[in-house]
Amino acid sequence: MVKVEFLGPMSHIPPVELEANTLQELKEILSKDSALQQWLAISAVAVNDEIIESLSHPLCDGDRIALLPPVCGG
C-alpha cells in the first residue's frame, strides 16, 4: 500500500492508503473522485519527497505520495 497526502487547498482531504503499482494506476484510482479530478490535472506529484514527472514511475509498498497543487503567495 502507498499513502497519499493532499496538500495546499486539498489539505482538508484526509490521507488515504491505496494499492497501486505506478503513478498512472494511482491517478486512475484517484480520478474516480470528482472532487480530485481538477487537482490531478494541475498538481505536481512527489514520491517520498522527490518530484516525479513520469506517470510510469513504479510505486513500492510504503511509498508516500504527495499531491502538490500550484499556489500563489509571497
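The structure is a prediction, in which local features require pLDDT of at least 70 and side-chain atom pairs count only at pLDDT 80 or more, while totals for chains, interfaces and linings use all residues. Numbering starts from 1 along each chain as its sequence is written, and side-chain values use heavy atoms, with hydrogens and water left out.

## Sheet

Helices (H or I, at least four residues) and strands (E, at least two) are taken as DSSP runs and numbered from the N terminus. Two strands are said to pair if DSSP finds at least two bridges between them. On this basis, five strands form an open sheet with mixed pairing, in the order β2-β1-β5-β3-β4. At its edges lie β2 (16–18) and β4 (50–52), each of which pairs on one side only. From one strand to the next the twist averages 30°; the axes behind this value are lines fitted to C-alpha atoms, for helices over the stretch in contact, and angles run from 0 to 180 degrees between N-to-C directions.

| Strand pair | Sense | Bridges | Facing residues |
|---|---|---|---|
| β1 and β2 | antiparallel | three | Val4 and Val16 |
| β1 and β5 | parallel | four | Val4 and Ile65 |
| β3 and β5 | antiparallel | four | Val47 and Ile65 |
| β3 and β4 | antiparallel | three | Val45 and Ile52 |

Strand β1 (residues 2–6) is mostly covered, with four of its five residues buried; buried means under 20% relative accessible area, exposed means over 50%, and partly exposed lies in between (1.4 Å probe, protein chains only).

## Largest pocket

The search uses a 1 Å grid over the protein atoms alone and a 1.4 Å probe; a pocket is an open set of points with protein on both sides within 12 Å along at least five of seven lines, whereas in a cavity the probe fits but cannot get out, and lining residues have an atom within 4 Å of a point. Grid points are joined across faces, edges and corners, and a volume is the space filled by probe spheres set on the points.

The largest pocket holds about 210 Å³ of space. Its lining consists of 14 residues, and Lys27, Leu40, Ser43, Val45 and Leu55 lie nearest the centre. At least two lining residues come from each of α1 (23–30), β3 (44–47) and β5 (64–68). The largest share, four residues, is supplied by α1. By class, the lining comprises 10 nonpolar, two polar and two charged residues. In this scheme Ala, Val, Leu, Ile, Met, Phe, Trp, Tyr, Cys and Pro are nonpolar, Asp, Glu, Lys and Arg are charged, and the others, Gly among them, are polar.

Ser43, one of the residues nearest the pocket centre, is placed in the loop between α2 (34–42) and β3. Ser43 counts as buried because its relative accessible area is 14%. Its side chain reaches the backbone oxygen of Trp39 at 2.7 Å.

Strands β3 and β4 form a hairpin with two residues between them. Most residues other than glycine have a negative phi. In the loop between β3 and β4, Asn48 has a positive phi of about 50° although it is not a glycine. Asp49, found in the loop between β3 and β4, likewise has a positive phi, of about 70°, and is not a glycine. Asn48 is partly exposed because its relative accessible area is 41%, whereas Asp49 counts as exposed at 64% relative accessibility.

Gln24 is placed in helix α1 and is partly exposed, with a relative accessible area of 31%. Gln24 and Val4 are 20 residues apart in sequence and 14 Å apart in space, C-alpha to C-alpha.

Notes
A polar contact is a pair of N or O atoms within 3.5 Å; within protein, one must be able to donate a hydrogen and the other to accept it, and residues adjacent in sequence count only if both atoms are side-chain atoms.
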